[in-house]
Each structure stands twice: as C-alpha cells, then as structure tokens.
Amino acid sequence: MLSAMIKKEFLLVLRDKHALLALFVMPAIFILIMSVAMRDQFSTNTIEFTVYAQDSDKTQISKKIISDIKEDKNFTLVSHKTEAQFLAYIPKNYSKDTNKKIELVVNKSLKSDQIEIFKSMLSKHLLSARFTSMAETLKKYSPETSKILSSINISNENLYKVKYNDLKSMPNSTQQSVPSWIVFGMFFIIIPMSTIYVNERKQNTLARLNSMNVSILWMSISKSIPYLVINQIQVAIMLGVGIFLVPMFNTSALEINGSLGAIATISLALSVSAIGVSTLIAVSASSSEQATTIGGIFNILLGAIGGVMVPKYIMPESMQRISEFSPMSWGLDGFLDIFLKSANASMILEDALKLFVFGIISLIISMIILRIRINKGL
Amino acid sequence: MIQISNISKSFSNTKALNNLSLNIKEGSVFGLLGVNGAGKTTLLSILNGLVDIDSGDIKIFGYDLKKQKKDIKKISSIIPQHLAFYEKLTVKENLDFFADIQNAKKEDYEKALQVNSLEKLLNQKASSLSGGQKRRLNIAIGLLNNPKIIYFDEPTVGLDPKSRNEILDSIKNYKKLGITVIYTSHYMTEIEKICDEVAIIDHGELLIQDTLFNLLSNKISDIITIEIVYQEIVDSLGLSVKNSSFIETKEGELFNTINLLKKNNISIKQIKYASTNLEKYFLDITGSSDA
C-alpha cells in the first residue's frame, strides 16, 4: 500500500511543471544571482578607490604623496575628475605650513565607512612623505635619527597582524547564498503539497482513500516520504550549483568544510520541518489558491525573519533575537556551521533537533485537523 | 441486510440526522431521496465509516459499524459525487493505484474495466476523458474491491442523457451480480428506473420508506389527467384539432369534472390515469422543489 501511495505522489509532483520550477529552478537561479550580485559586498579582497589628485604645492613632499598614491594598489589615480570617487587637492605651501590641510571632495554615493577607510589609507602616505622629508633634513645634523626615521614603514601590514578567528568567520557571498536559498527552496514544497492535498480533500479522494481503510497516519507518511526525497535532491542540486556553476561567473565557489553526515542530518531535519509546516497549511486551507497564497507569504516571512533575505549578522540585536523563532534560521545556522566552522553532525544536533521536533508537532496537529475535516465531511 | 437503528448525528449545533431508522435488503437497489441538506451525504458517510454517529446502532451484513469498521470498509465502496481520482494520472495509473492500496484481485480489476468499458482508454490521461468516461472511471475505482455494497452519491450529475443511461444500465447489472446498491440522485426518473425501494428523508428524519411499487401505485394512482380541446375556437378557424390542454382531477371527482367541461362546451380528447410520477409525490411529502 505504502509503495503505491508514494509512487502516486511522485507521479503527481513530477507532472506539475510549476512545482518543479518552484522547487528546483527558482532556488538555483536565486543562488546564482545572489552569489554574483553580493560578491563584492561579502568580498574580503583588496579595497580599491579611484582618486584624482591635484598638486598645487609642487614640492618634494607633495610629489612623493602623488607617487605613493600611484604605487598603492588600493588606489587608482585617474586623470579626469569625473572618473574619480575622491578628488584630493594638495594646497600651495602644504609642505611648509603644517596647518594646511588636503582638501577632499567626495562622491555622494560613498558611505561614511568608505570615506574613513580612504582617509586612513591616505594618511599613511601623508605621514610617510613627512617622515621622508624630515629624514632628509636631519641627515646633515643627526644621521642616526635620519636613518631611524627613514626605516619607519607605516603601512597597516607592518603595524597590525590580522588573524581570522575560525569560530566567527564571515561567509562569502556563495556560502551565504547557497544555504539561504536551499532552506527557502525546501520550504517551497508547500506549493505542490498543498495543491495536491486540497484537491484530494475537495474531490473527496482523501475520504475515498479513508473508506478504503487507508488511515490518516499512512496518508501522512506516504505523502511525507516523496517530499523528503525531493528535498534531498534539492540540497544536492543547490550544492552543485554553488560548487560548480557559481565559479563560472567569477565568484567564489562553495567550500564545504564540514562533514557530509552533518549536511545529511541538517537537511533531513529541515525537510521534516518543511513537510510539517506545508502539511499544516495544506490541511487548514479551504482552497489550493488559499494554501499557495498563505504558504507563499508564510515562507517569505519565515525567510525574512530567519536570515534568508538579509544575513542575520547584519540585523540589529532585537531582530536577531526574533529570528531565533524561525525554523529557517535554525536550518541556516546549521548549514553555515557546516560550511564555515567545519561542524560535524554532533555540533549541529541542537539545530537539527529543534527542526525535527517542530516538524513532528506540525504533522501531528495537521493529522488531527485532517481527521476532524474528514469526519465533518469538509 | 443493512439495519440502521435510531441513529443521530450533529455537527456543532446542526442536527444532520435525527433518530433515523432504515432497513435495506441485501441485493436491492435502494433509493435515498431528500432535499439538499436533508442528511443523505451524511448518512452515506456514516455507512462508509467516514463519520462517526452520536447515538444509535448500525449493522451491515452482520458487522457492527462501531466495532468492525475495517471489515465493513472491505466489503463496501462509495462512488462519490465528485470525481475522486487523479486527473494528472492516466486511467491505468489511477486504477493501478486504487487497486494496489486495496490489494484488489486481478479478476476484479478486469471486471471493473470491462463493466465500465474502459479497456481502450487505459493510456489516456484522466483529464482528457469526456464527462461520461470520467464518471465511468469514478465508478470503476469503486468496483475494484468487488464490494457487496456500493453507495452512489449522485453519480450522474452533469451528464448527457446517453452517458446517464449507460450508468443506470450498469447499475442494473450490479443488482444481477447480487450487489446491494444505495443510490442518491436529484433525478427522480433515475430512481424510478432502477430502484426497488425508496426512502425519503427530510431534516435528518425519515419521512417514508417503501417499495417503489407501493409508493407509486397506492399513493398517487388516483390522479387522472384529462386532455381537452377548445372545440369552438378550432371550428371557427376551420382548422383541424391542434390546440389541446391537460387538466388533472382525482378519481372521486371525475364525474363532476366531465359534466363541468361538457356544460362549457369543452371537448374531451382523452382521459387517462396520471403517469406514475415520483417527483410529484416527493414534492407533496417534502413541500419542496429542491430535491
């Protein structure tokens, strides 16, 4: 009996082109678009600024500043003002008068943090030029001091030694996008599941099955298994998109540092959760239109709260606390732990357990609702 | 034998069935009539074990519905009013699925196909079938478990007369096979055509249960139809008789009616007993035109 029910469910889903689009194509496209679109936002590569510099001082110091900017890989010196993000004007007598300031004209689209970074990087060259000038002057009077001054290298690389803490490492755009849209896509089983469920209920097919001694428990199990399999296929395809397709678009490939067992654990738990919610909405709705509308809105809300649309770490603390109530957030945390922190199955067990319990409770409630509905002939 | 004894069922504050009792003979075709909301579908759902009763007892072929629901489901089948199958599957996939979940025997599968003339449609998608073919598939699914009782819930709704007659003929065949059929329909002519016995329920209560013969011969046979001709009008126009009308009277009033017509120069073309008409009886007893 179970195999016949599972086969039927598979046939129905596979013949629903819209469902297949929503389940496989939509999240794959999202992963691709979002990984590429957010590439620079998540990038830890060298920061680059375009600068137009005008030297009205024409001294050794001002010339050194310009030549240092030219050599700095973080800066691109441009010859037209319109091409630059920053216009730097070195005033006359800048070398002689230490109170003179360099005038910066900044493109309005730049954020304050970018301006601060630019200033910090430019300061390095201003100081270096001053030190060089001082070293030259002191050469005659105190060669030793001049030597020390000349040897000072004030680049950030020499001042700081930066180490990334593995436990708090940030995802790149692919590492953020792949789990986000895997989680989101998995919950999209609500579309085919609710359409099939509501049609079966409306046309009395469920009642007919029940009159053939098919219990509600068996109905629920037989409906859950195909979607469990579909969800795992989704995960495999989306991981494949992250590993093989995304790099073709000049974007970092997905790196999976954790164990495959951990991926299987979190994706199975996530699937139970998605099936539970989908079944609950499907049995509660009175029409497939209602189910797909409610399901769609519910999915988007869970995604928005759970860190799918906006990464949780850039949310304010209050929002981060709210996101803890979204099962999508539990799933996302699990996947990120695996991708970024090399988590094994035991490390993501808490998230997996929350998802599993949430899914089972939703399934039990939906079975009770379905029993009541069949009993009332609804 | 199906024995329904004093059953009641309420949904929230609505009483769907109220102390209803019925006896249905094995092998009969039993018509269940009632206006919309009378309780017919609720009764069918109860007999199928889909809905539990609040009080009363039901015994079906010796099985107690409360205690032996699974056994009862094995020997019965419901043909729902809606097309309860999968439109995206082919006829074969639908039949295979419903046969598999009931462990249907191969000969029962073949019989269901044959009786409903679906052999040539096996590879067609259910959604591409005509209305009549869909109804036949709906019925075939109900025959897969070789049931002893079949419940038909308005199986001919929306069908053309030809398809309707085909289904009615197949139901007559089930009787020959010894299957007990319980049939609800809005079409009184269908009930007259196939049923041996009829029960009329209204507001969840039984109004009457009797054989169709008794209902039609004893209760409404005293109605007489007289066809009359407006002779004066016809004569003045020099035409042959074309216009005629019908009036109804009862047997005891026939003599007076004829005299009245003669006095008024109205010619009588023919007098006949009213055709047996269940619909009239149904409207009289329920006071409604919404069957």
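1. Angles are taken between N-to-C directions and run from 0 to 180 degrees; axes are lines fitted to C-alpha atoms, for helices over the stretch in contact.

2. A word on the model, which is a predicted one: local features need pLDDT of at least 70, side-chain atom pairs count only at pLDDT 80 or more, and totals for chains, interfaces and linings use all residues. Residues are numbered from 1 along each chain as its sequence is written, chains are lettered from A and ligands numbered from 1 in the order in which they are written, and side-chain values use heavy atoms, with hydrogens and water left out.

3. Now to the sheet under that helix. Six strands of chain B form an open, mixed sheet in the order E6-E7-E8-E3-E9-E10; two strands count as paired if DSSP finds at least two bridges between them. E6 (76–79) and E10 (205–211) of chain B each have a single partner strand, so they stand at the edges with one side left without a neighbour in the sheet. On average, neighbouring strands here are turned by 15° against each other, direction ignored.

4. E7 (residues 149–153) and E8 (residues 180–184) of chain B run parallel and are joined by five bridges, with B:Ile150 partnered by B:Val181. E9 (residues 197–202) of chain B pairs with E10(B) in the antiparallel sense over six bridges, and B:Asp202 has B:Glu205 as its bridge partner. The hairpin of E9(B) and E10(B) has two residues between the strands, and B:His203 takes a positive phi near 50° in it.

5. Chain B also holds a four-strand open sheet, antiparallel, in the order E2-E1-E4-E5. Its edge strands, E2 (14–24) and E5 (63–64) of chain B, each pair on one side only. E4 (residues 55–60) of chain B meets E5(B) over two bridges in the antiparallel sense, and B:Lys59 is partnered there by B:Asp64. Helix H1 (residues 40–47) of chain B packs on this sheet, touching E1 (2–11), E2 and E4 of chain B, with its direction at about 115° to that of E1(B).

6. Where do the domains fall? Their bounds come from an automatic or database domain assignment. Chain A has domain 1 (2–41 + 171–375) and domain 2 (46–167), with C-alpha centres 52 Å apart. Chain B is divided into domain 1 (2–212) and domain 2 (223–275), and 45 Å separate their centres, taken over C-alpha atoms.

7. In chain A, look at the axes of H11 (residues 216–245) and H12 (residues 260–284), which come within 9 Å and cross at roughly 130°. That makes H11(A) oblique to H12(A); angles under 35 degrees count as roughly parallel, over 145 as roughly antiparallel, 65 to 115 as roughly perpendicular and the rest as oblique. The crossing of H11(A) and H12(A) is right-handed; a crossing has that hand if the near helix is turned clockwise from the far one by less than a right angle, and is left-handed if anticlockwise. The residues that meet include A:Tyr227 and A:Leu228 of H11(A) and A:Leu268 and A:Val272 of H12(A). By class, this contact has nine nonpolar, five polar and no charged residues; Ala, Val, Leu, Ile, Met, Phe, Trp, Tyr, Cys and Pro count as nonpolar, Asp, Glu, Lys and Arg as charged, and the others, Gly among them, as polar.

8. H12(A) also packs with H8 (residues 173–187) of chain A, at an angle of about 40° and with axes 8 Å apart. This crossing is right-handed. Among the residues in contact are A:Phe187 of H8(A) and A:Leu270 of H12(A). The contact of H8(A) with H12(A) divides into six nonpolar, four polar and no charged residues.

9. Finally, a packing between the chains: H1 (residues 2–14) of chain A and H3 (residues 91–101) of chain B lie with axes 9 Å apart at an angle of about 155°. H1(A) and H3(B) are therefore roughly antiparallel to each other, and H1(A) passes H3(B) in a left-handed crossing. A:Ala4, A:Met5, A:Lys8 and A:Leu11 of H1(A) meet B:Glu93, B:Phe97, B:Asp100 and B:Ile101 of H3(B), giving five nonpolar, no polar and three charged residues.

Conventions: Contact means heavy atoms within 4.5 Å.
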